[in-house]
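Student: Could you walk me through how this one packs together? I'd like to start with the core and then look at some helix pairs.

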Amino acid sequence: MMNTRFKNLLIRNLGATDQLALLRFGALLLKIGLTFFAADTFGLSLTSPVLYWGMSLEALYLGFTFWHRSSIARLDNGFFIVLLIDTLFWISWLYFTGGATNAFISLLLLPIAIAAVVLPQWAPWALALLSTFAYSLMIFSVPESQMKHHGMDMSSHYLGMWFNFLISALVLTTSVAYIAQRMRKQEVELGYMREAQLRQERLLALGTASAQMAHQLATPLASLRLLVDEAVEEQTSEPEILQEMNTALVRCEQTLNSLRMATESIREQRQSLLTAHELLSTLEQQVLLLMPEVTLELKFCERAAAQAAESAVIKTDASLLPALLALVENASSASQAYTGEARVVVSALVGGDSDRLCVSVKDFGAGIPKEMQLQLGRKLIESERGMGMALLLSNASFERLGGQLLLGSAKEGGTVAQVCFPVWTGDTDGECHE
């Protein structure tokens, strides 16, 4: 009982390369056993010394590939090349031990089966074609004397074995390969779901802390408002300084109110329907109010599709606009740091079969390295400009609304943040509840 558990644990802890190596060593041991200990039992013909040289060469080849198995695994087609050479060794061993009359001719299916499980779909097809071609040549090269056994014509029997091999190869290259492909796809999806769940848990903790701090800010902001009002009435400071203080305070109060409204809206799952034109207009108003220093350009891409883009309707809630504002703020900071002007271009485009609305936010900064483009918005990344907190929170809001954030480089320089939302095809009565 303990030995069985230990073996199961050992097999589970072995990697794909180690399991493949064990299978290939097992195949070599099977050849050695059949050749030297069971040749007479199974009627194998051992007439050529080339067989022993071939098996010696295969042993050296297995040792070499086992020693370099990690390097082979890192190659794009490393496993396929290994299985292809294994198939050639199987073909040579079968040919020199009876060819098509060998009772173990079906072992040619072993590399095909392994390829169907661990490699893309084209790999088992290639091995199946090679094995079938070699089997067919061995069928035609069988001497007439071997086709007769005790006065019986065995040609129909060997032809049936060939046809059975062909059917088995087709099953492996279609059904088994398709099942293995689906399982690999499900594993990738499960991995993505686990990563998304961990990200949502971190965001929940961050959101809880943010709500607590926002609640704590309410009292000092109210006190600060009273002090600023008294200073304005008594003119105890310069008017310009008071105006800047008042503007900053107004922005803090509006942000805090927006946070309260967004929290209530999300808690009650209130959602509304907006056209792209309404969304960009609201975004423009918020940028003018909260970020007057930003030069914002709005456009609908492709004149022929401009009307469709303007009228496209998407489902939103209170978290969408702050998320888009965070993208605009990041873009303006990048443009300001690189060109000295806080210039941002926001565009809308209906893509595909008019089933998705894509909103792009383009800056004129120095750009983002490609390796960081794949990570920003999905995890916290430390850099000179921060940790990517705003993008992480914005991406979480987009994903909750069915959107997807993609970062890329613009042709003329800078970075493009594109968010694609599914276009709403139901009734456009305004507010909706779920």
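Predicted model: local features only at pLDDT ≥ 70, side-chain atom pairs only at ≥ 80, totals over all residues.

Student: OK, how many residues has the largest nonpolar core?

Tutor: The largest nonpolar core has 36 residues, and those with the most contacts inside it are Leu83, Trp93, Leu108, Ile112 and Leu119. The elements that give two or more residues to this core are α2 (16-36), α3 (50-67), α5 (78-95), α6 (109-118), α7 (122-140) and α8 (155-234). Apart from it lies another core, of 35 residues, which includes Ala323, Val328, Val344 and Val346.

Student: And what is Trp93 in contact with, leaving aside neighbours within four places in sequence?

Tutor: With those neighbours left aside, Trp93 is in contact with Lys31, Leu34, Thr35, Leu44, Leu51, Met55 and Asn102.

Student: Switching to helices, at roughly what angle do the axes of α5 and α7 cross?

Tutor: They cross at roughly 15 degrees and come within 11 Å, which makes α5 roughly parallel to α7. The contact involves residues including Leu83, Leu84 and Ile91 of α5 and Trp122, Leu127 and Met138 of α7, and by class it has 14 nonpolar, two polar and no charged residues.

Student: What about α10 and α12, how do their axes cross?

Tutor: The axes of α10 (residues 276-290) and α12 (residues 320-339) come within 10 Å and cross at roughly 60 degrees, so α10 is oblique to α12. Their crossing is right-handed.

Key:
Residues numbered from 1 in each chain as written. Heavy atoms only, no water. Core = buried A, V, L, I, M, F, W, Y, C linked by side-chain atoms within 4.5 Å. Buried < 20%, exposed > 50% of the residue type's maximum accessible area, 1.4 Å probe, protein only. Helix = DSSP H or I, 4+ residues; strand = E, 2+ residues; numbered from the N terminus. Contact = heavy atoms within 4.5 Å. Axes fitted to C-alpha atoms, helices over the stretch in contact; angles between N-to-C directions. Parallel < 35°, antiparallel > 145°, perpendicular 65-115°, else oblique. Left-handed = near helix turned anticlockwise from the far one by under 90°. Nonpolar A, V, L, I, M, F, W, Y, C, P; charged D, E, K, R; others polar.
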